[in-house]
Amino acid sequence: MNIHGLMKMTLLDYPEKVACTVFLGGCDMRCPFCHNWELIDGNAPAIMDEQELYHFLEKRKGLLDGVVFTGGEPTLRKDLPEVIRHVKEMGYDIKLDTNGNHPKQLKEIVESGLIDYVAMDIKNSPDKYGITIGLPEFDISRIEESVDYLLKGKIDFEFRTTVIKQYHDEQSFREIGQWIQGAPRYYLQGFVDRDTVPVKGLEAHGKEQMQRFIDIVTPYVGVAELRGL
């Protein structure tokens, strides 16, 4: 497996865990606000393979609790289950970040018992999904399937949304709240502009408005919080 990035330690990416984050290339969405645009087509230079990752994790036993697999979109990688299995056998908890567009792969990984936690992006309300991910004609049926599957409680999980002024308003979150009703936790992340973001000029909402969004979704979910603000 080609691995395109490694954050050697994080306290933010895996709730209540000291973890490292493994970045995998390739994604089937084209979000205008993506921070990892260089990973989208999978052609970014690899920094290591799975054997080098195992060697790194062997040396970090006792220092790290978990490993986060993110992207890009990790479920595009056919060798992901094999790598996760090896890391799990080393004693690490596993978190998977996903855009939810591959419910079959998500279900297979969850039901194999290989992972402990899932973070799924909810890009926007259903009617705005395509434009928000840069694919106006996008069919959200597979996203809906993944949402429904996670809401069945097969695994501990969170939903999360990166909030951008140009794409999200109060009605967005009324509709999202109704869609994900019953989720144990939902996080709103403020957009942060970077050089790697493909579309220039996007803006974040202010903290007061972000809190208003939290107030809108709170009745629908177990916990709704701002993250990174």
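Let's start with a crossing: helices α1 and α2 cross in a right-handed way. Helices here are DSSP runs of H or I with at least four residues, strands are runs of E with at least two, and both are numbered from the N terminus.

A word on the source. This is a predicted model, where local features need pLDDT of at least 70 and side-chain atom pairs count only at pLDDT 80 or more, while totals for chains, interfaces and linings use all residues. Residues are numbered from 1 along each chain as its sequence is written, and side-chain values use heavy atoms, with hydrogens and water left out.

Back to the pair. Helix α1 covers residues 50-59, and helix α2 covers residues 80-89. They pack at about 20 degrees, with axes 11 Å apart. Axes are lines fitted to C-alpha atoms, for helices over the stretch in contact, and angles run from 0 to 180 degrees between N-to-C directions. So α1 and α2 are roughly parallel, a label for angles under 35 degrees.

Which residues of α1 meet α2? They are E50, L53, Y54 and L57, and they meet E82, V83, H86 and V87. Contact means heavy atoms within 4.5 Å.

Now the second pair. Helix α6 (residues 170-179) and helix α7 (residues 207-217) have axes that come within 8 Å and cross at roughly 30 degrees. Therefore α6 and α7 are also roughly parallel to each other. Their crossing is right-handed. On α6, the contact uses E170, F173, R174 and G177. On α7, Q209, R212, F213, I216 and V217 take part.

Next, the largest pocket. A pocket is an open set of points on a 1 Å grid over the protein atoms alone, where a 1.4 Å probe fits, with protein on both sides within 12 Å along at least five of seven lines; lining residues have an atom within 4 Å of a point. How much space lies in the largest pocket? About 1200 Å³, counted as the space filled by probe spheres set on the points. It has 37 lining residues, and H35, N36, R160, T162 and Q189 are the closest to its centre. Strands β2, β4, β6 and β7 each supply at least two lining residues.

Last, the backbone. Most peptide bonds are trans. The one from G71 to G72 is cis, with omega near 10 degrees. G72 sits in the loop between β3 and α2.

Technical notes. Parallel < 35°, antiparallel > 145°, perpendicular 65-115°, else oblique. Left-handed = near helix turned anticlockwise from the far one by under 90°.
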